[in-house]
Amino acid sequence: MIEAMSPRLILLAPEMILFVAAVTVAILGLSKNHGIRASLPFITCAALIASIAAVPLTWTNENAQAANLLLPTLGRFVKPLLAGVGVLLVLLSVGSVDRKMEESVARGRMAFDPQRVVRGEFYAFFLLSIMGAMLLCNAQDLIWLFLAIELVSLPTYIMVAIGGSGNRNQEAAVKYFFLGAMSTAVFLYGFALLYGSTGSLQFLEIRSALAAQSAGSGIDTLATIGIVLILLGLCFKITAVPMQFYAPDVYEGAPTHVTAFLAFVPKTAGFTAMVLILSCVGWSGHTLIDTDGIRIPYTGLPTPIAAILWMIAILTMTLGNIGALLQSSVKRMLAYSSVAHSGYLILGLIAGATAGIEALYFYLLAYGVMTTASFAALAAIERRGEEINSFSDLAGLRLRHPVMAWMLAISAASLVGMPPFIGFFGKIYLFIAAFEADQFGLVLAAVLNSAISGLYYLKLAIVPLVAPPSARSEEVTSVPSRWPFIAAVVCGVGTIFLSAIAGTLIGAAKSSAQASPMVLTASQEALPTASTH
Amino acid sequence: MTQLTSIPQAIIAPELSWVGLALLLPLLAAVGCALCCALRVKGKAAAIITILALAASFGIIVKAYFAYTGPVQVPIFQWLSFQWGTGQFQSFTANCGMYIDTLTLYWMLFVTGLGTLISIYASEYMEGDCGAGYSRFFFGICIFLFSMSALVLGDNLIMLYLGWEGVGLASYLLIGYDYARPAAVAAGKKAFIMNRIGDLGLALGIFMLWANYGTVQYSELFAAMNKGGQTSVDWELSVIPFLLMLGAFGKSAQIPLFTWLPDAMEGPTPVSALIHAATMVTAGVYLIARMYPFFELHPQALATVAWVGGLTALLAATIGMAQYDIKRVFAYSTISQLGYMFLGLGVGTTFGACYHTLTHAFFKALLFLTAGAIMHGFAGQLDLRKLSGLRLLPGWRIVSWTMLVGCLWLSAFPYTAAFFSKDAILLKALTSVRADFRFLGWLGLFTAALTAYYTFRVWFRVCAGPLHFEPGAEGHHEPHDDTHDKHDTHGKPAPASAAKSTHAFHPHAPRWAINGVLLILALGALVVGIPGYNETFAHKDNWAQQMIAGSSAMEGAGLAEDHGAEVSEAHPTVLGMDAHTGLTVVGCTASIGGILVAWYLHLRSRKSADQLRAALLRRWWIRWVPICMENKWYVDEIYHACFRLPMWLGAQILSFGDRHFLDGVMVDGLAKLPIAVGKLFKPLYGGALQGYAATMAGGIALVVAWLSWVWLRGFN
Amino acid sequence: MLLIWTSILFPIVAAFAVAIGPTKSAKWTAFAGTLASLGALTIFAWNFPAWHNAEHFPKTTGPSWIPHAGITFSVGFDTVSLLLALLSAFLMPLCIVGSFSAITERTKEYYGWFLVLGSSIILAFAARDAILFYIGYEFTLVPMTLIIAIYGGTERRVAAVKMFLYTFLGSMFMLATLIYIGWEHRLAVGAWDFDIDTLTKTATRLPSSTQYWVFAAFMVGFAVKVPLFPLHTWLPLAHDQAPTAGSVILASAMLKLGTYGNYRFALPMAPAGGADLMSFVAVLAIIAIIYASLICWVQTDAKKLIAYSSVAHLGLCMLGLFALNPVGAEGAVFYMVNHGLSTGALFLCIGMFYERYHTKDTDVVGGLAKRMPVWASFMVLFTLASIGLPGLNGFVGEFLCLGGTFISEHDGQTGYPGVLGPWYAVVAGLGLIFAAMYLLILLGKLVWGPLREPHDDAAHATSAIRLPQDLCFREIAILTPLAVACIWLGFQPKPMLDAIAPCAERMLANYPKEVERYMSQSAGTPLASINGKTSESRGE
Amino acid sequence: MNQELSSGFTIAANAPIAVALAISALLFVIGLVGFLCRRNMIIMFLCTELMFQGAALAMIAFARLRMDVSGQVFVIFILTVAAAEAALALALVVLLYRKRETLSADAWSDLGES
C-alpha cells in the first residue's frame with residue numbers, strides 16, 4: 001500500500017505546494033502589515049509558478065504508471081495549464097479584493113480590522129480551487145473525482161461573494177451557489193447509478209465493467225442514465241446546455257477578475273471530469289446490434305450518450321452565440337461567448353481518444369488566454385470606481401486607453417477564430433479532431449456558429465477602436481493597480497505568440513492525452529469478444 | 001466570272017516590314033502630340049508633327065503600292081498569342097502583323113492621303129484653339145490614323161478589331177473635342193455606344209470564325225475558304241456573316257445603328273470630314289469586302305446587306321431632305337451613300353462598292369470641309385435658311401465653287417466620278433436575277449433623285465441667290481474657352497447676337513491652307529473619276545476594279561455570283577435598252593431631275609418650298625411624311641422608348657432591389673435571423689433563481705425522458 | 001524562400017516601426033516598408049526559374065508549424081500567384097503615397113494597418129500550405145475592416161461590419177472544406193497534410209458526388225469574396241465607404257483572392273464538382289455582369305459605380321475561368337491583373353477628386369476636364385482600359401474570357417470540352433456594351449461637360465493639406481506607373497500570356513475528362529440535348 | 001431532516017434493493033420539486049440536501065447490492081461535503097439576509113435579461 005501510495009503522493013507535489021501556499025496566504029492575510037497584505041497575490045503567483053515547475057519534475061512516466069490512473073499523463077499538460085492561466089488570473093485580481101477597505105486604511109479613515117479583511121481568504125480559496133482542478137487529473141475513482149470537483153466549486157462560491165462589493169456579486173453568489181448545489185446533486189446521483197451498474201468506484205474497474213457490458217448486450221440502462229446524469233450535472237461547470245442559464249447572470253454579477261476565473265477554472269475542471277468519465281466509457285469498441293442480431297462495431301461513444309452530447313454541443317454553441325448577440329453588457333456578452341465556446345469544446349469530447357482530448361485541452365489553453373485577455377482589459381479600467389459593464393462605456397476607449405482597446409480587439413479577434421491568433425488554431429484543431437471522429441455535422445454547426453459569433457465579437461473590437469466616445473466613456477479611468485493592465489498585455493501578446501508555438505503546445509497536449517495502457521488492453525479485449533459474438 | 005476563283009495565297013514577307021512605319025508613324029505622332037499637350041505647347045507643333053507623320057505614311061503606302069507584287073503577310077511582333085497544344089484548334093494567334101493586298105493598299109492610299117490633307121486643313125481650321133485643345137485634337141487625329149491603319153493593314157481579325165475600336169475611340173474623343181458642350185459629349189458617347197453594339201457583333205463573329213476555322217488570320221482563313229467544302233453549312237457558320245455584318249452596320253451607320261452619325265456632327269468639321277465621311281465609316285465596307293467570301297456562308301447574308309443598304313440609303317435621303325443644318329444634311333447624305341455601298345456589296349459588286357467608297361471619300365470630305373469653312377467663317381452658322389449667296393462674297397469663291405463640285409459629285413451628275421461608281425452599283429442591282437435586287441436598284445435610282453435634290457437644296461440656298469447671312473450664335477464655332485478664360489461667355493448664347501446686324505459681323509474668309517486643301521480635294525474628286533472615264537470611254541480596265549479583283553473582295557469568290565452568272569452573260573437590259581445605256585439615261589434623268597426640282601424650289605422661288613411644305617402639312621393623309629422626315633422618322637425616340645427607357649427603368653428597379661431587397665431583406669434579414677431567434681430564448685434568462693432551476697431541471701428531465709423513450713423503443 | 005519571407009515580413013517590421021516611431025515619419029516608414037517588400041518580390045521574380053512552366057518555386061517544404069496537423073510554413077509561387085503578388089506589392093506603395101494627403105488623423109494606425117494588410121495579402125498568394133493561405137486570406141479582413149471602419153465615410157461602420165461578417169461567413173465554409181480534404185488525405189495516407197499540391201491530389205481522387213459538395217462549399221467562400229451575384233451586396237457598400245487606398249486594395253488585391261481561390265483551390269481540387277456546376281456558376285457570372293452593369297448605369301455616386309463595375313468585371317473573369325478551357329482561364333488570370341490595375345487606378349482617380357471636392361456625387365461635380373486636365377487625361381485613360389479598349393490592358397483579358405466562353409462547347413477541337421457556348425458569350429457580351437455605356441456616362445458627367453463645382457468651399461478650406469487645383473507631382477507620380485502598366489500590358493501581353501499558359505493548363509488538367517463524364521451523364525437533360533445536337537450536326 | 005433520513009435508511013435496509021432505489025429517486029425528486037417551489041432560501045438549501053441524500057441512499061443501496069464497501073465510504077464523504085456546503089450556505093444566507101432583510105430567493109433577481 002505504501003509502495004502504491006508514494007508515487008501518487010509525488011504526483012501530488014504541485015497540489016501540495018498550492019495547499020501550503022493557500023494556508024500561508026490565509027494566515028498572512030490577517031497581518032496588520034500592509035506590505036505583507038499587498039504581497040499576497042505575488043505569493044500566490046509564486047506558488048502557482050512553483051507548482052508549474054513541480055509538474056515536469058515529479059510527473060515522470062514511472063510515477064504516472066505506478067499511480068494506476070486512467071489517463072496517466074493528463075496532468076502533465078493540464079496542471080501547468082491551470083497554474084499558468086492561474087498566474088494571469090491572479091494578476092487580474094491585484095488591487096481589486098478588499099480595495100475599498102485597503103483604501104480606507106491607507107487614508108487612515110479606519111483602522112485595520114482583521115475580521116473584515118478577505119484578501120487572504122480570497123487567495124487561499126483561489127489556490128484551493130485551482131488545486132481542486134489539478135487534483136482531478138490524479139483522480140482514480142469517483143470519490144476523488146467528487147471531492148476534487150467540490151474543491152473546485154466551493155471556493156468559487158465564496159470568491160464570487162467576497163471578491164467585490166455590492167449587491168450584484170451577492171446575487172451572483174446566491175445564484176451560483178444554489179444552482180451549483182443542485183447540479184452537484186444531479187451528478188452525484190449519476191455517480192450512484194454508475195456505481196450501481198458497474199459495482200465499483202475505481203475508474204479502471206468501471207472501464208472494464210463497461211467494456212464487458214458493451215461486449216455483451218451493450219452498456220446497460222442504469223449505467224447510461226448514470227453517465228448522462230453525470231454529464232448533465234457537469235454541464236453546470238462547463239456552462240453547457242441545459243445547465244448554462246446561470247452563466248450570464250453570474251458572470252455579469254461577479255467581479256470581473258472572478259468572472260475570468262469562473263470562465264476558465266471550473267470549465268477546465270468540468271471538462272477534465274467529463275474526459276475521465278467518458279474515458280471510462282471509451283470511444284471505441286461499442287457495437288450496434290441490428291435486427292438480425294449481428295453486431296456492427298462503430299467508432300465513438302455509445303449512441304445514446306453521443307447523441308445527447310451531440311445535441312448539447314449544438315444547442316450550447318447556438319444558444320450561446322445567439323444569446324450574445326442581444327447583449328449590451330460586455331461581461332454578459334462574454335458569458336454567452338463562454339457558453340458558446342463550451343459548445344465548441346464538446347466537439348473534442350465527442351471526438352474523444354483519437355485527437356479530441358488533446359484538441360479539447362489545446363482549445364482550453366487558447367480559450368483561457370484569450371478570454372483572460374478580454375477580462376483583464378476590462379479589469380484594468382473602471383468608470384467612477386465601478387467596473388465596466390456596458391458597451392457604451394467602451395466606446396472610443398482607444399483615445400484614453402489605447403492599449404486596452406487593442407487588447408480587447410485582439411482578444412475578440414482570437415475568440416472569433418481569426419488567424420493567426422491562437423483561437424484560430426484551437427478551432428482548427430477541434431475541427432480536425434471532429435473530422436477524425438467523422439463528425440461532419442458538428443463541424444458544420446461550429447462553422448455556422450463561428451460565423452454568427454462574428455456579429456458580436458466584431459462589436460467588441462469595433463466599439464473600443466472605432467466608435468466615437470460617448471458621455472459615459474469619457475469617465476472611464478484606469479484602475480490604480482497596473483497588474484491587470486500587464487495581465488491584459490501578456491495575454492494579448494500570448495494570443496499571437498502562442499500560435500507561433502502551437503505545434504509544440506499541441507504536441508504536449510497530445511502526449512498528455514494518452515490513455516493508460518491498461519485501458520487500451522481492456523478495450524482491445526472487448527473488441528474480439530464483440531466480433532466473435 | 002462564272003467560275004469560283006480562288007483568293008491568291010499570301011506569302012510571308014518579313015522584308016516588307018518597313019510598311020509597318022505607316023502604323024508606327026501615326027502612333028509616334030500621337031505620342032508627340034500627347035507630349036505637346038502635356039507641355040502645353042502654344043504653337044502649332046502638334047499639327048506639324050501630325051502632318052509630317054501622315055504625309056510620310058502616305059508616302060510609304062505609295063511606295064508600297066509601287067513595290068506591290070502580290071498578297072503578302074508581314075509579321076511585326078507577337079501580340080496576343082499562345083498555344084496549349086499542337087492541334088489546329090489548340091492555339092490562338094493574333095500577332096501584330098500586316099496583310100497587304102490590293103484592297104489594303106487601295107484603302108490605305110485614300111485613308112492616309114485624305115488624312116494628310118485634312119490635317120493640313122485642320123491646322124488652320126483649329127488654330128483658334130492653339131495652346132488649348134489644339135494638340136489634343138491632333139492627338140485624336142493621330143490615334144485615329146493609327147487605328148485606321150491597324151484596321152486596314154492588320155493581318156488578322158483581332159488587329160482589325162483593335163483598329164475598329166481604336167477608330168471608335170478617336171471618334172469619341174474628337175466628337176467630344178469641345179467637351180464643355182453637353183451636346184458634343186452626348187454625341188460622342190452615343191457614337192461609342194452604338195458602335196459598341198456593332199463591335200459586339202464583330203467580336204462574336206470573330207469568335208465564331210475562330211471556333212470554326214481555328215484561326216483569325218486572314219491568310220489562313222482564306223486558305224480554308226479556298227479549300228471549299230462549304231456547300232452545306234451548319235448554323236454556326238451561317239451566322240458568321242450576320243455577326244460581321246452587325247459590326248459593319250454599326251461602324252458604317254446603317255440601319256439599325258445609324259443614329260449616331262448625324263449626332264457625331266457635333267465634332268469639329270475636319271473630324272466630320274475625315275472620320276465621319278471619308279474614312280472611318282467606310283470601315284464597314286472594308287470589313288465586308290475583306291471578308292467577302294464568308295458572306296456567302298449563308299445565302300441570305302448578302303441579300304440582307306443589300307436590303308439594309310438600300311433601305312438606309314432611302315431613309316437617310318428622306319431625312320436629309322428635311323434638315324436645315326448643312327452638316328446634318330451632309331451627314332445623312334453620308335449615311336445614304338454608305339447605304340449605296342452596302343447595296344453594292346449586297347448585290348455582288350464589291351468593285352462598285354469600293355469604287356464608290358473612294359469617290360465618296362473625296363467629294364464628301366470636300367463637302368464637309370466647305371461646310372466647315374462656312375462654319376468657321378460665319379461663327380458657327382450652319383442653318384441653310386440663314387445663309388445665302390456666298391459665292392458673291394469676296395474670299396468665299398473657292399469655297400462656293402468647290403462646294404458646287406462636291407454637290408455635283410454627290411448628286412452623281414453625269415460623268416462625274418460618283419456617277420460611274422453609283423452606276424456600277426445600280427447596274428449590278430438592276431441586272432440581277434433576283435427580283436428583290438432589281439427592286440432595290442430602282443429604289444436606289446429613286447434615292448439618287450432625292451440625293452440630287454437635297455444636295456442642291458443646300459448649294460442653291462447657301463451659295464447661290466442674293467447675298468445675305470446671319471452669323472451664328474457662338475463667338476466662334478470652336479470656343480476658345482481656355483484662352484478666353486478670363487471673360488468666359490462660352491456656353492451661354494451671346495445676348496447681343498440676335499440684335500447684331502449682319503453688317504457689324506465680318507465673316508473671315510478662309511486662308512491658304514483651307515482653300516488649298518479644298519482645291520486639292522476638288523481636283524482629287526476629278527481624278528478619281530479617271531478610272532470611270534477609262535472604262536466608259538477608253539474601254540480600258542478600271543483601275544479600281546483591278547485593285548479590288550486582286551484581293552479577297554474579288555467578285556466571283558462568292559456564291560451569289562453563281563445565280564447571276566448566266567444572266568450577266570446574256571446581256572441584261574434596263575428598260576429595254578442595253579444595261580449600260582439604259583442606266584446612263586435613267587441615272588442622268590434622276591440626277592438632273594433632282595437638281596432641277598432643287599433649283600426651282602430653292603433658288604428660283606424660295607417661297608414655293610415653304611408653300612409646298614405648308615401644303616403637305618395641310619393634308620392629313622400626307623402630312624406625316626414631312627413631319628416624320630423632319631423628325632428623322634422618330635428613330636431616336638423609338639429607340640429611347642423601346643430600349644433605353646425600359647432598360648433604364650429596369651436598372652432603377654434593380655438598383656433599388658439590390659439595395660433594399662437583396663441587401664436589405666435577404667442579407668440583413670439573414671443577419672437578423674439569429675438575433676430574432678435569440679430573442680425567443682430571452683424569457684429563459686429571466687433572472688429568477690428558481691426560474692433557472694426550473695429550466696435546468698426541465699432540461700435534465702427532457703434528456704432523461706428522451707433516453708427512456710429511446711430505450712423503450714429499443715435503441716439497439 | 002528567404003526573399004518571399006522578406007517580402008511578407010518586411011511590411012510587418014515596418015508596421016512595428018510605424019507603431020513605435022514618431023507620427024511624422026510614419027508615412028515614409030510605411031512607404032519604405034512597402035517598397036522593400038516590392039523590391040524583394042521583384043528580385044525574386046527576376047530570378048524566378050519557373051516562368052515558363054507550371055511548377056512553383058521554391059519547391060522545398062517550409063519548416064513545420066503544427067506537425068500533428070501537417071501545417072507547415074511553406075511558401076512558393078507559381079507564375080499566377082507571383083503575378084498577383086507582384087500586383088499587390090506594386091499597388092501598396094502607390095496606395096501609401098496616395099494616402100499622404102487623404103489621411104490626416106490616426107496616421108500611425110493607418111499606415112500600420114496598411115502594411116499588415118499588404119503582408120497578409122502577399123502571404124495568401126505565396127502560401128503553399130492551405131492553412132497558411134487561409135491565414136493570409138482571412139487576416140486581410142482585420143486591417144481592411146478597421147481601415148474602412150476608422151477612415152471611411154459616413155456609414156463606415158455598417159459597411160465594415162457587413163464586409164467582415166459576409167466574407168467571414170463565406171470563408172468559414174472554405175476552411176471547413178480545406179480541413180475536410182485534409183481529412184480525406186489523412187484517411188488515405190494516415191497523416192494530416194495541408195500542402196496544397198497534396199490536397200489537390202487527394203481531392204481529385206474523391207468520388208464525384210463528394211467533389212460536388214467540396215466544390216460547392218469552396219464556391220460559397222470564394223463567391224462571396226469575388227463577389228459573385230447574388231453574394232455581392234457587401235462590396236458596393238464597402239467600396240463606397242472605404243478610404244481611397246482601402247478601395248484600391250480591396251478591389252485590386254482582396255477581390256483577387258476570391259478569383260485566385262477559384263484558380264488555386266475550387267477548380268483544380270474538385271474537377272468533378274467544377275464540371276457539374278460550371279454552367280450554374282457561369283449563369284451566375286453572367287447575371288452578375290448584366291445586373292451590375294445595369295445598376296452602374298443609374299448610379300450617381302462615382303465610387304459606387306466603380307464598385308458595381310467591379311462586380312460586373314469580375315463576373316466576366318469568373319465566366320472566363322468557368323469556360324474551363326485554356327483560353328478562358330488565361331483570359332481570366334490576365335483579367336485579374338488587369339482589373340487590379342485599371343480599377344485600382346480608377347479608384348485612385350476618384351479619390352483624388354474627392355479630396356478636392358469632398359463629394360463623389362456626379363450630379364454635383366462635373367466637367368472637371370477644364371479644372372483638372374491632367375487628372376482628366378488619366379481618368380479617361382483608365383476608364384478606357386476598364387471598358388476594354390484594344391491596345392490597353394483590359395481588352396486582352398476581356399476578349400479572351402469571352403472567347404473562351406464562346407468556344408467552350410467546341411469539344412474535340414480545343415481538347416477542352418465545355419458546356420458554355422456562343423449564347424453565354426452573347427449575353428455576357430452585352431456587358432461590354434453596358435460597360436461602355438455606364439463608364440462613358442461617368443466620364444461624360446465627371447470629366448466632360450460644363451464645369452460644375454459644389455458651392456460650399458468650407459469643406460475645401462478645412463482640408464488639412466491644401467491641394468493644388470490639378471494633380472500635384474505626387475499624384476501624377478502615383479498614376480503614371482499604373483498608366484504605363486496599362487498601356488504596356490495592352491501592347492505587349494505576350495510575355496504574361498506565355499507565363500500564365502502552363503499554369504492555366506495545369507489548373508484544367510482534369511477537366512476534359514470530367515466534363516466528358518458530366519456531359520455523358522446529363523445526356524437526358526435539355527441543355528445536353530442542345531449540345532448534343534450541335535455536335536452531331538457538326539459531325540455530319 | 002435526520003429523522004427523514006434515518007427512517008428512509010431503516011426501511012431500505014430491510015426492504016428489497018428496488019424499494020431503496022425507488023425511495024432514493026423519490027427523495028431526489030422531492031428535493032428537486034421543493035427546490036423549485038419553495039421561495040425560502042434555507043428551505044431551498046435543505047431541498048438540495050435532500051437531493052444529496054437521495055443520491056447517498058442510492059449509493060448505499062447499490063453498495064448493498066454489490067456487497068461492496070466503497071459505496072458506503074463514498075456516502076461518508078458525501079455527508080462531509082454536504083456539511084461543508086451547509087456551512088457555506090448558511091453563511092451566505094446570513095450575508096444576504098443582512099442586505100435585504102428577507103430570505104426569499106425572489107428578492108435576488110436584479111440580474112437577468114431585461
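**Chains C and D**

I note the conventions here. Residues are numbered from 1 along each chain as its sequence is written, and chains are lettered from A and ligands numbered from 1 in the order in which they are written. As the model is predicted, local features need pLDDT of at least 70 and side-chain atom pairs count only at pLDDT 80 or more, while totals for chains, interfaces and linings use all residues.

**Chains B and C**

I then asked which of the five pairs of chains that touch has the most contacts, and found chains B and C. Chain B contributes 49 residues to this contact, and chain C contributes 49 residues. On the side of chain B, the elements giving two or more residues are strand S2 (72-83), helix H5 (157-175), helix H6 (182-213) and helix H25 (635-680). Helices (H or I, at least four residues) and strands (E, at least two) are DSSP runs, numbered from the N terminus. I recorded H6(B) as the source of the largest share, 15 residues. By class, the side of chain B that touches chain C has 31 nonpolar, 12 polar and six charged residues. Here Ala, Val, Leu, Ile, Met, Phe, Trp, Tyr, Cys and Pro count as nonpolar, Asp, Glu, Lys and Arg as charged, and the others, Gly among them, as polar.

**Strands S2 and S3 of chain B**

I followed S2(B) to its partner: nine bridges join it to S3(B), and the two run antiparallel. Strands count as paired if DSSP finds at least two bridges between them. Val74(B) stands opposite Met98(B) in S3(B). Strand S3 (residues 91-100) of chain B is mostly covered, with seven of its 10 residues buried. A residue is buried if 20 or more other C-beta atoms lie within 10 Å of its own, exposed if 12 or fewer, and partly exposed in between, with C-beta atoms placed from the backbone.

**Chains C and A**

I next looked up the contact of chains C and A, in which 28 residues of chain C meet 26 residues of chain A. Strand S1 (64-66), helix H5 (130-139), helix H6 (141-151) and helix H7 (156-189) of chain C each give two or more residues to the chain C side. H7(C) gives the most, with 12 residues. I find 24 nonpolar, two polar and two charged residues on that side of chain C.

**Helices H3 and H11 of chain C**

The contact includes Leu84(C) and Leu87(C) of H3(C) and Val248(C) and Ile249(C) of H11(C). By class, I recorded 11 nonpolar, five polar and one charged residues in the contact of H3(C) with H11(C).

**Ser104 of chain D**

Lastly, I located Ser104(D) in the segment after helix H4 (70-100) of chain D. Is Ser104(D) buried or exposed? Ser104(D) is exposed, because 12 other C-beta atoms lie within 10 Å. Not counting residues up to four places away in sequence, Ser104(D) touches Arg39(D) and Asn40(D).

Key: Contact = placed C-beta atoms within 7 Å.
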